[in-house]
Amino acid sequence: MAVENISPQANIATYNRQNDFPQPTTQQLRKLLPAMQRWSDIVWYVWATTAKDKAGDLRYIFRDHVINNDTKGVIDQIFKVPAYTLDFKWPGKTFDVGTNDGKALLGTPHGTGIAYL
């Protein structure tokens, strides 16, 4: 669904910062960007139109290619080894959101979109 976990706002902020352009205000961004602008917005739309009346039954979300340093840092702490050394085969590793590890992952940049869903 998404190769990177970067919002349009973050892309604009990075581009403007790298080119010494002023940062737009929140009001300017609202006029500039479409209403659906977050990973969770797009995923929900695709899921809801695909699943139709079963959209409320979403049970699993898979995240792959995690390159965000904040998220990788949490993974390092959970497994007590660097994230890049982990090599999970199918079915991978799951975390219940009621556990401390699950809550920690849900609070990362890769987890917040899942929380919004």
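# Rings, Helices and Contacts

Visitor: What is the relative accessible area of phenylalanine 21?

Guide: Buried means under 20% relative accessible area, exposed means over 50%, and partly exposed lies in between (1.4 Å probe, protein chains only). Phenylalanine 21 is therefore classed as partly exposed, its relative accessible area being 42%.

Visitor: What kind of model is this?

Guide: Residues are numbered from 1 along each chain as its sequence is written, and side-chain values use heavy atoms, with hydrogens and water left out. Local features need pLDDT of at least 70, side-chain atom pairs count only at pLDDT 80 or more, and totals for chains, interfaces and linings use all residues; the model is predicted.

Visitor: In what order do the elements of the chain run?

Guide: Helices (H or I, at least four residues) and strands (E, at least two) are DSSP runs, numbered from the N terminus. The chain has six helices and zero strands. From the N terminus on, the order is α-α-α-α-α-α.

Visitor: What percentage of the residues in the chain is buried?

Guide: The C-alpha trace spans about 45 × 40 × 25 Å along its principal axes. Of the 117 residues in the chain, the buried share is 19%.

Visitor: What is the relative accessible area of tyrosine 15?

Guide: Tyrosine 15 is partly exposed, with a value of 48%.

Visitor: Why is the pair of phenylalanine 79 and phenylalanine 95 classed as it is?

Guide: The ring centres of phenylalanine 79 and phenylalanine 95 lie 5.9 Å apart, and their planes stand at 75°, so the pair is edge-to-face. This pair links distant parts of the chain, 16 residues apart: phenylalanine 79 is in helix H4 (residues 69-79), and phenylalanine 95 is in the loop between H4 and helix H5 (100-106). Phenylalanine 79 has a relative accessible area of 25% and phenylalanine 95 one of 27%. The class, which follows from the 75° between the planes, is edge-to-face.

Visitor: Which ring has the charged end of arginine 63 over it?

Guide: A charge sits over a ring if NZ of Lys or CZ of Arg is within 6 Å of the ring centre and within 35 degrees of the ring normal. Lysine 93 lies over the face of phenylalanine 95, at 5.5 Å from the ring centre. For arginine 63, the distance to the ring centre is 4.4 Å, and the ring is that of tryptophan 39.

Visitor: Which residues does serine 40 contact, leaving aside neighbours within four places in sequence?

Guide: Serine 40 lies in helix H3 (residues 39-51) and is buried, with a relative accessible area of 7%. Contact means heavy atoms within 4.5 Å. With those neighbours set aside, the contacts of serine 40 are Gly113, Tyr116 and Leu117.

Visitor: What separates the C-alpha atoms of valine 97 and alanine 115?

Guide: Valine 97, in the loop between H4 and H5, is exposed at 51% relative accessible area. Not counting residues up to four places away in sequence, valine 97 touches Gly102, Lys103 and Leu106. Alanine 115 is 18 residues from valine 97 along the chain, and the C-alpha separation is 9.5 Å.

Definitions and conventions. Phe/Tyr/Trp six-rings, centres within 6.5 Å; stacked < 30°, edge-to-face > 60°.
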